[in-house]
Amino acid sequence: MNFTRAATRQPDAQDIEEFLYEKRQKIYPREVHGLFARLRVASVLTLLGLYYAVVWLQWDGRQALLWDLPARKFYVFGLVLWPQDFVYLTGMLVMASLSLFLFTALAGRLWCGYACPQTVWTETFLWIERMIEGDRQRQIRLDKQPWSLHKLRIKAAKHVLWIAFALFTGFTFVGYFTPIRELGSAIMALSMGPWETFWVLFYGFATYGNAGWLREQVCKYMCPYARFQSAMFDEDTLIVSYDERRGEPRGGRRRGVDPRGAGLGDCIDCGICVQVCPTGIDIRKGLQYECISCSACIDGCNSVMERMGYEPGLIRYTTQHSLEGRKTRVLRPRIFIYSGLLLAVAAIIALSIATRLPIALDVIRDRKQLFRETDEGLIENVYTLRVINMDKVTHEYGVAADGIEGLALILDTPRIAVDAGQIENVPVRLRADKASLRARSMPVTFTLNAIDNPALAIGEESRFLGPAP
Ligand code: SF4
Ligand code: SF4
């Protein structure tokens with residue numbers, strides 16, 4: 001709705017509703033060429049290549065990157081992470097967040113413009129659209145045409161390609177959770193499980209919907225990062241900005257006309273910067289939260305400047321301080337804080353992974369009976385030892401227990417053999433003399449050690465229960 005009507009009368013409830021719930025105007029981003037467009041293509045191809053290729057890599061006879069949910073194991077090349085190791089994943093998420101904070105403080109929304117999955121897949125869907133429907137003008141003309149067999153054929157071809165690409169994306173995504181070779185064979189044999197089928201369709205549908213239909217709406221209304229990233233911005237953060245002092249007053253002129261002589265700035269008001277913008281904004285109105293820093297307007301404007309024989313950079317990557325003629329400070333307190341935290345978390349994670357023992361022990365008390373008295377008058381407690389061999393080789397382990405004077409450990413077998421990457425549940429009993437019990441509940445420690453590697457040892461505490469002393 002155009003609110004200029006309000007100049008002649010007061011807006012009524014319907015006007016306000018129309019204004020607040022304005023129908024979405026479809027954006028037809030014009031294709032752009034230039035340095036940043038090439039960088040964006042390189043970034044999109046690299047990231048998509050990694051996404052679709054890494055899932056096929058093999059390592060030690062298994063998939064190199066696999067989140068095996070049924071087995072609760074996460075394979076990252078040579079590293080196998082167990083549920084006990086999820087602290088590392090938490091640490092890595094903290095690192096990812098800190099990296100994003102640091103990157104945003106330094107480079108603004110470059111992540112959004114070049115590496116965000118929404119941008120990467122939307123760019124790909126736009127390429128497919130241009131390939132089928134033609135450039136911006138042709139797309140606009142086609143959409144204005146009434147439905148015909150010709151229009152139906154073009155639209156159907158585009159959607160078939162979009163859906164095929166989206167489903168392949170969904171298949172690849174599920175391949176990070178179910179070995180992709182098995183998944184591929186299951187698809188060929190039409191024997192895919194219900195969950196895999198659901199997630200392939202769900203992720204495929206999400207890709208098709210977000211990159212094909214919603215596009216800039218995701219960035220504008222759904223992405224939380226767009227909302228809080230301004231908290232990380234300051235006057236020294238890199239932004240895409242129009243140089244108002246140089247560009248204004250804007251206006252059309254013939255090529256070769258001296259703009260200063262004609263009382264004009266360098267902006268010829270051609271609107272190219274708006275036409276190439278994937279979020280449909282006019283950067284000349286200043287920094288807006290919809291701007292994803294994709295730099296399409298920089299390339300678009302630079303090509304205009306070149307045609308007019310002007311210096312490039314009327315729209316450019318710059319900082320608020322630089323626009324005001326002040327010096328940009330790269331190293332500032334928030335950069336030191338984010339970098340320091342990032343380095344500290346990275347160092348802690350690296351150190352703990354380097355010193356991580358590939359062994360774990362859980363002690364589970366028998367819940368059916370607190371304790372029992374044996375025929376010899378000893379107090380007995382029953383436990384199950386859950387021995388987890390997180391190593392790549394089989395180990396035999398010995399077990400010991402202490403904490404009470406004269407404590408006896410009774411085990412069916414003196415050694416516990418556990419294959420690589422396996423878990424063994426072993427029942428054990430502890431017996432102690434009543435006279436040695438100073439309380440109804442006393443701490444005991446189980447120690448597990450690999451026979452072939454004394455460095456591979458772990459202790460786990462539990463309680464020994466008995467009658468009141
Ligand atoms: S204003 Fe420029 S940098 Fe920002 S989203 Fe639009 S084209 Fe990209
Ligand atoms: S592309 Fe450059 S010259 Fe054209 S309207 Fe935008 S800022 Fe002005």
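Ligand 1 is surrounded by 14 residues, and the closest are Cys 277, Ile 283, Cys 291, Cys 294 and Cys 297. A residue counts as near a molecule if its C-beta atom, placed from the backbone, lies within 6 Å of it. The model is predicted: local features need pLDDT of at least 70, side-chain atom pairs count only at pLDDT 80 or more, and totals for chains, interfaces and linings use all residues. Residues are numbered from 1 along each chain as its sequence is written, while chains are lettered from A and ligands numbered from 1 in the order in which they are written.

**Ligand shell**
- The shell around ligand 1 holds eleven nonpolar residues, three polar ones and no charged ones.
- Ala, Val, Leu, Ile, Met, Phe, Trp, Tyr, Cys and Pro count as nonpolar, Asp, Glu, Lys and Arg as charged, and the others, Gly among them, as polar.

**Sheet**
- Four strands form an open sheet in the order 13-11-15-16, with antiparallel pairing (strands are DSSP runs of E, at least two residues, and helices runs of H or I, at least four, numbered from the N terminus; two strands pair if DSSP finds at least two bridges between them).
- Strand 13 (416–418) and strand 16 (453–465) are at the edges with a single partner strand each, so one side of each has no neighbour in the sheet.
- Strand 11 (residues 395–402) and strand 15 (residues 441–450) pair in the antiparallel sense over six bridges.
- Tyr 397 has Ala 450, in strand 15, as its bridge partner.

**Gln 137**
- Gln 137 lies in helix 6 (residues 136–144).
- The C-alpha atoms of Gln 137 and Tyr 28 are 8.5 Å apart, although 109 residues separate the two along the chain.
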